Amino acid sequence: MKRDVVIIGAGHAGGMTAISLRQQKYQGSITLIGEEDFLPYQRPALSKGFLAGDIEEKRLYLKSQNYFDKNNIIIIRNHKIVAIDRNNKNILLDNEKQIEYEKLVIATGSVVNKLKTSCREADLYYLRTIEDSLKIREKLRNKNKIVIIGAGYIGLEIASIAIKKNLEVTVLELDNQVMSRVVSSEVSDFFQNKHQSEGVEFTFNTSVTDIENQGKQKRIICSDGSVLNTDFVVIGIGIKPNVELAQSSGLECDNGIIVDELGQTSDHHIFAVGDCSNHPNNIFKQRLRLESVQNAVEQAKSIAAGIAGNQKPYQEVPWFWSDQYNIKLQIAGISQHHDRRVIRGYPKEEKFAVFYLKENRLIAIDAINSPREFMAGKKLIEMLSEVPFELISNMDVDLKEIVGQLR
Ligand SMILES: Cc1cc2nc3c(=O)[nH]c(=O)nc-3n(C[C@H](O)[C@H](O)[C@H](O)COP(=O)(O)OP(=O)(O)OC[C@H]3O[C@@H](n4cnc5c(N)ncnc54)[C@H](O)[C@@H]3O)c2cc1C
């Protein structure tokens, strides 16, 4: 029997596509297939409240099984799709069952980058799933010494929780600063100082040559010849889009599955959504592949609207957040090509924002404990109008008023 919409990957974007289709009053059949044993869930808490033990598993789920049953959304868990046959419009599951589709949505997310070492992979910790988070949480219970490889936002969020649990924490980083891929040097320095004041030790400009087992401990051998002994190692060295299935079925891929503003791939029966997709962004006039909840949710809504016959091209200012200790970092826009940075607020009081301008237009903002600045900044980015930088840095000027004046 042919199914109307089949979604591969029951994560945040896949789950939201199914939910949004019903919200759009889509009447056809919806089948959501995922290789994990869970209902579609949100991952951010896996390195925050859930890892700390403050949030229960059921709070991670996008919706309950009851919701999916009531809305006639079939969920097949614990099964991986191993092939797409585009000519016959069907997919092959790992149990050799075939399912025919009218429309296919690929929502396969990302896979973590792995380190090749002498250790068995099972002896090292990566963080992508509920199961990964539970395993790390268990290790954090003992008063261990932890080494985190990678000073990206996931590594740093884990560090902040490990410190709260009184572990000895060292972060090893290839670059010379933390979160170098996503924030300015001002914000990076701020976070480095914050972590150091809480007790985290950093080793920068260092890559890992190997990790060996030594009894119950791990021996990390670094590129400069130094050796670190630790109880356990968590690796957070980035992710890559999960495009294997799309690529082997001949869909166009280049840093993600290439889609248009409606989420359509090079095959007009097939869509791609979330981390695995690479879409055009009209505000920034460039292609983007984003790894964020906002992207998973908004792109899913756009694709669902299109399938339900209410086309809604995807065009959003990207945004993202991270929680470390008492600090909320909120990032909006793409700062890559800025020609000026303006700081507003009070770094010493842990409340400030960095505004990135290009030819006097605001293109991005990093806000630290500054939600008002973040909201106003996001609106200013959307408006594409020129903003006098003197006004941004002047704390007597309410940014909401600038937004009002420029509207
Ligand atoms: C620890 C952590 C913390 C994060 N924190 C934040 C944050 O603070 N803010 C933020 O904006 N974003 C955060 N993110 C990123 C955000 O969670 C992702 O961008 C989002 O989950 C992407 O949704 P997705 O559906 O594209 O991918 P995923 O949620 O990863 O879902 C993909 C699903 O597809 C399944 N799958 C893959 N291949 C197949 C196959 N062949 N057959 C069947 N199933 C398959 C996978 O098992 C997975 O369940 C975080 C991510 C992690 C891991």
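A polar contact here is a pair of N or O atoms within 3.5 Å; inside the protein, one atom must be able to donate a hydrogen and the other to accept it, and residues adjacent in sequence count only if both atoms are side-chain atoms. Keep that in mind for the start of H11, where a side-chain oxygen of Asp398 comes to within 3.0 Å of the backbone nitrogen of Lys400. Helices (H or I, at least four residues) and strands (E, at least two) are DSSP runs, numbered from the N terminus.

Some ground rules before we go on. This is a predicted model, so local features need pLDDT of at least 70 and side-chain atom pairs count only at pLDDT 80 or more, while totals for chains, interfaces and linings use all residues. Residues are numbered from 1 along each chain as its sequence is written, and side-chain values use heavy atoms, with hydrogens and water left out.

Let's stay with H11, which covers residues 399-406. Leu399, Ile402 and Val403 are its buried residues, where buried means under 20% relative accessible area, exposed over 50% and partly exposed in between (1.4 Å probe, protein chains only). Those three cover an arc of only 100° around the axis, which puts them on the same side of H11; the arc is that of the directions from the helix axis to the C-beta atoms. The general rule behind such a pattern is that an α-helix has 3.6 residues a turn, so residues three or four places apart point the same way. Turn to the face of H11 that looks away from the buried side and you find the exposed residues Lys400, Glu401 and Gln405. What lies over the buried residues of H11? The cover includes strand E22 (340-346), strand E23 (351-358), helix H9 (371-383) and helix H10 (389-393).

Follow E22 and E23 to the loop between them and you land on Glu350. Glu350 has a positive phi of about 60° although it is not a glycine. Another case is Glu359, with a positive phi of about 45°, again not a glycine. Glu359 sits in the loop between E23 and strand E24 (361-368), and it is exposed, with a relative accessible area of 59%. For background, most residues other than glycine have a negative phi.

Is Lys194 buried or exposed? It is buried, at a relative accessible area of 10%. Not counting residues up to four places away in sequence, Lys194 touches Tyr325, Asn326, Ile327 and Glu350, contact meaning heavy atoms within 4.5 Å.

Ser184 is 181 residues from Ile365 along the chain, yet their C-alpha atoms are separated by 9.8 Å.

Compare that with Val208 in strand E11 (residues 208-214). Val208 and Asn95 are 113 residues apart in sequence and 39 Å apart in space, C-alpha to C-alpha. Val208 is buried, at 18% relative accessible area, and beyond four places in sequence it touches Leu115, Ile149, Leu172, Ile220, Ile221 and Cys222.

Now for the ligand. It is surrounded by 33 residues, the closest being Ala13, Glu36, Lys48, Arg128 and Asp275; a residue counts as near if one of its heavy atoms lies within 4 Å. Helix H1 (12-23), helix H5 (153-164), helix H8 (293-307) and strand E20 (319-324) each give at least two residues to this shell. By type, the shell divides into 14 nonpolar, 11 polar and eight charged residues (Ala, Val, Leu, Ile, Met, Phe, Trp, Tyr, Cys and Pro count as nonpolar, Asp, Glu, Lys and Arg as charged, and the others, Gly among them, as polar). Glu35 has a polar side-chain atom 2.8 Å from an oxygen atom of the ligand, and a polar side-chain atom of Arg43 is likewise 2.8 Å from a ligand oxygen. From the backbone, a polar atom of Ala107 lies 3.4 Å from an oxygen atom of the ligand. On its own the ligand has 990 Å² of accessible area, and the protein covers 96% of that (Shrake-Rupley method with a 1.4 Å probe; for residues, only the protein chains shown count as cover).
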